[in-house]
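Dear colleague,

I am passing on a structure that you have not worked with before, and I would be glad if you could look it over alongside the notes below. The sequence and the model come first, and my findings follow.

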Amino acid sequence: MNQSWREELFNQETTNSALNPLVLPMTNAQSLRILDICYRTWGRWEEVAQTIAQYKLAQIQMKNFAQEHSLRSPPILPYQVWVVGKIGEIFCGLAQGTNKLNLAKAIVGANKSLYSRKEFEAEQIRFTQPLTGELQNV
C-alpha cells in the first residue's frame with residue numbers, strides 16, 4: 001500500500017472549470033493507483049467498508065449513476081477511496097497469521113464514526129489548508 005496515499009488523494013489538481021476534484025468521481029483504475037493496490041485487495045478491504053452505512057450509500061449511488069448513463073463500471077468517489085485506504089491501514093497494522101478480515105470488521109464496527117463523510121471533509125481540510133504557524137485544533 002502506498003504510504004502517501006492521502007497526499008495523492010487530497011492534492012489532486014483542480015479541473016479547468018475550477019471544480020474541486022474531491023467531489024468528482026474517479027475510475028477504479030485511478031483509485032487503485034492512488035492506494036497502490038490490486039483489484040483483489042480493493043475487494044477485500046471494500047468488504048469491510050460495506051459495513052459502513054455512508055460508504056454503502058455512496059456505492060449504491062454510483063451504481064445507479066452507472067446504470068443510468070450506461071457505464072461499464074460504477075465510478076468511485078474520493079470518499080470511498082479514503083474509507084478503503086483507512087481500512088487498508090488497519091489491515092497493514094494487523095499481525096500476519098491473524099484473521100485480518102474479521103478483526104478489521106470488528107475495529108471498524110466499534111469506530112464507525114471515524115469513517116463518516118464529516119471526518120473525510122475534516123481530513124481534507126487538514127491536508128489542503130496551509131499551516132499558519134499557529135497550532136490548529138482541528
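At 2% relative accessibility, Q80 counts as buried, where buried means under 20% relative accessible area, exposed means over 50%, and partly exposed lies in between, with a 1.4 Å probe and protein chains only. Leaving aside neighbours within four places in sequence, Q80 is in contact with W42, Y55, A58, Q59, M62 and P75, contact being defined as heavy atoms within 4.5 Å.

Before going further, please keep in mind that this is a predicted model, in which local features need pLDDT of at least 70 and side-chain atom pairs count only at pLDDT 80 or more, while totals for chains, interfaces and linings use all residues. Residues are numbered from 1 along each chain as its sequence is written, and side-chain values use heavy atoms, with hydrogens and water left out.

Of its 138 residues, 37% count as buried. Among contacts with a separation of 6 or more, 67% are accounted for by residues 24 or more positions apart. The accessible surface of the chain comes to about 8,600 Å², of which 51% belongs to carbon and sulfur atoms; such areas come from the Shrake-Rupley method with a 1.4 Å probe, and for residues only the protein chains shown count as cover.

Helix α4 contains I60, which counts as partly exposed at 40% relative accessibility. I60 and P74 are 14 residues apart in sequence, and their C-alpha atoms are 9.2 Å apart in space.

Most residues other than glycine have a negative phi. D36, although not a glycine, has a positive phi of about 60°; D36 sits in the loop between α2 (28-35) and α3 (39-49), and with a relative accessibility of 52% it counts as exposed. S70, likewise not a glycine, has a positive phi of about 55°. The loop that holds S70 runs between α4 (53-68) and α5 (78-93), and S70 is exposed, its relative accessible area being 65%.

Conventions. Helix = DSSP H or I, 4+ residues; strand = E, 2+ residues; numbered from the N terminus.
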